[in-house]
Amino acid sequence: MARRQYNSDQDLVDGVIRNHEIAMSIIYKSNFPTIRAFIINNSGNEVDAKDIFQESFMILVRNIREGRFKGESKIKTYLYSICRRQWLKELGKRKKFVFALHDYEEFVDFAKVEEDDIDRYHDRVTTMNNSLAELGEPCGELLKSFYLHNTGIGELTRMFGYKNDDSTKNQKYKCMQRLRKVFFSSYQVK
Amino acid sequence: MDLNIEMYEQIDRYLLGELSDEEKLKFEQLMVDNPDLTQAVEDQETLLRAMDEHEESVETEQKMDKFHKDLDKSTYQIELTRRGKVISRRRRIFSTISIAASVSIITFISSWFIITKKQIKKIVATNELKDRIEELSGEVEKALVYTKEVVDSISAANETRPQIEKYSFGTCIPINDNGLFVTSLHLVKNGKRIALENQSLYPNKKLSATLIYQDETHDLGLIQVKDSGFALPAQLPYTFKSGQLDLGREIFTLGYPKQDIVYGDGSISSFTGFKSDTTTFQLSIPVNPGNSGGPIFSERGDVLGIITARHSSQMGSAYAVKTKHVEDLIDKYYTAVEEEVNLSTKNRVSRLSKTDRIKTLGEFVFRVKVYRPLED
């Protein structure tokens, strides 16, 4: 069984696109120490470091997979830039204004559209996580099976033990209505 | 906006790509005339997108937690012991200690990078050597094939001499981008040599493969391309989906009943296969022996099953092994070799037009040529 070699940033980007755990683990483990140092030496603590890093790592993975980042700059620079920006935003929320930032890496500036895109993505995922948690079961499982795993109505009727296909469609409609209500009560459509 | 259930179902069909080109145009016209409908469609699209992103984020989160646990144990030890003192002192005396901490962290990180560069040089040199060996063995194989062809022609001329080899042909598809393919076990078992062909991705080239894992009960086999550096030039465009076996669901197949790839379509005629076998399902597609091991795709381009060599072409029916058993086999295999399972998670063709979808999927369907020993 071939063991993939990751010799360059481009290999790692490719690995992320193909969902190779090893590529993702290399990026995660080699970048965390720097980010941790950055956060801790800029008014943050261990928990902040882990939270900001994981939040930014998710954004990195998503941006790579959606083609927003193709390796134009080094991965560590790009990831650091995301963390830096997210941390600054967090500090702003906590009303902690900084005069000077101790930087540990080169960083790229994001255009406003890129920042908005990151914020909307983060907002969407967080809101959906909370909404699905609020909906509970069986709605969560039902909606995910239908919309994400493309399970047919017939199969769903069997899986969930509903009376018939119309029953299933009705349940799905009700769950979807609930999700719509809960989701859009917090998510601001911009 | 509260539309009725039928309207929402139509919106879903539109967003999931299930409308015909004509229906799509009609719906889009309806949207133009109805801003409320347009808003509802946009909202639904946001929700579907968010659900997709949610699922991906859950997966990534699980990975991150794993990575973080590993981090705490491995390279991080040096930091941990110093950490307590450094941080608490920093609270009292800010600047000098934090600079010292930063310097030590940076030195630590840069020494890690230097080690990695040396390792990278070594890896590059080994790969170059590997490439050279590949080249040479290619030449040797060419020489052997030529010799064999000469021998063949001599024995063909001499009618008392029997032919040296016979072949079976079939189809297979990759399950990862590292050269692992799934096919019908019946096709490749007891074969002397297995060769894969794909005129779109590798024109005029034959890839040598071996049978490395099998599932006798379900007539499935995993074959691996021998070249250890092999990688597909792009990500797999399809996913494996169990649970879509509705009666009459439209499906299609791509395979090699002849030398060139052939498209065939039909529908699912039964949930069960030959003599009510629950591990397979029946199709109304005419298949030929060369289709064995090939994929059954849903209209969207998800793999619902693999065409089995057994019992097919009896009275115009064909049978396919359900995807669930392919997934189980892959899980077992990866567990056995202690590696990460890496199945494609994204369907990249559902939004394409029908012909583009078929074209893209077709690029990843390979022809299998199995050389059989005479005694078979």
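Residues are classed here as buried when their relative accessible area is under 20%, as exposed when it is over 50%, and as partly exposed in between, with a 1.4 Å probe and protein chains only. The structure is a predicted model, in which local features need pLDDT of at least 70 and side-chain atom pairs count only at pLDDT 80 or more, whereas totals for chains, interfaces and linings use all residues. Residues are numbered from 1 along each chain as its sequence is written, chains are lettered from A and ligands numbered from 1 in the order in which they are written, and side-chain values use heavy atoms, with hydrogens and water left out.

By this classification Asp302(B), at 0% relative accessibility, counts as buried. Asp302(B) takes part in a salt bridge (a side-chain nitrogen of Lys or Arg within 4 Å of a carboxyl oxygen of Asp or Glu) with Arg300(B), and the closest N and O atoms of this pair are 3.0 Å apart. Over all chains the structure holds 30 salt bridges. In chain B, a further salt bridge brings together the side chains of Glu197(B) and Lys206(B) at 3.3 Å from N to O; Glu197(B) is buried, with a relative accessible area of 11%, whereas Lys206(B) is partly exposed, with a value of 43%. In chain A, Arg94(A) and Glu90(A) form a salt bridge whose closest N and O atoms lie 2.9 Å apart, and here Arg94(A) is partly exposed at 39% relative accessibility, as is Glu90(A) at 22%. Salt bridges also link Arg62(A), Glu66(A), Arg68(A) and Asp117(A) in a network.

Chain A contains eight helices and zero strands, where helices (H or I, at least four residues) and strands (E, at least two) are DSSP runs numbered from the N terminus. Of the 190 residues in chain A, 52% are buried. When contacts (heavy atoms within 4.5 Å) in chain A are taken between residues at least 6 apart in sequence, 63% of them join residues at least 24 apart.

A search of the whole structure for disulfides, that is, pairs of cysteine sulfur atoms within 2.5 Å, finds one over all chains. This disulfide joins Cys139(A) to Cys175(A), with an S to S distance of 1.9 Å, and the link is left-handed, with -80 degrees about the S-S bond. Because Cys139(A) lies in helix H6 (residues 139-147) of chain A and Cys175(A) in helix H8 (residues 165-186) of chain A, the pair ties together parts that are 36 residues apart in sequence. Two other cysteines, Cys83(A) and Cys172(B), are each buried with a relative accessible area of 0%.

The size of an interface is often given as the accessible area lost when the parts come together. Chain A and chain B bury about 6500 Å² between them, of which 56% is on carbon and sulfur atoms; this buried area is the accessible area (1.4 Å probe) that the two parts lose on being put together, summed over both. In terms of contacts, 66 residues of chain A meet 73 residues of chain B. Six salt bridges are found across the interface of chain A and chain B, and 17 residue pairs, both residues at pLDDT 80 or more, are in polar contact between the two chains. A polar contact is a pair of N or O atoms within 3.5 Å; within protein, one must be able to donate a hydrogen and the other to accept it, and residues adjacent in sequence count only if both atoms are side-chain atoms. On the side of chain A that touches chain B, helix H2 (21-40), helix H3 (46-65), helix H5 (112-135), H6, helix H7 (153-160) and H8 of chain A each supply at least two residues, and H2(A) gives the most, with 13 residues.

Lys63(B), in helix H3 (residues 35-73) of chain B, is buried at 9% relative accessibility. The side chains of Lys63(B) and Asn19(A) are joined by a polar contact of 3.0 Å, and, its neighbours within four places in sequence left aside, Lys63(B) is in contact with Asn19(A), Glu21(A) and Met24(A). Glu21(A) also meets Lys66(B) in a salt bridge between their side chains, at 2.6 Å from N to O.
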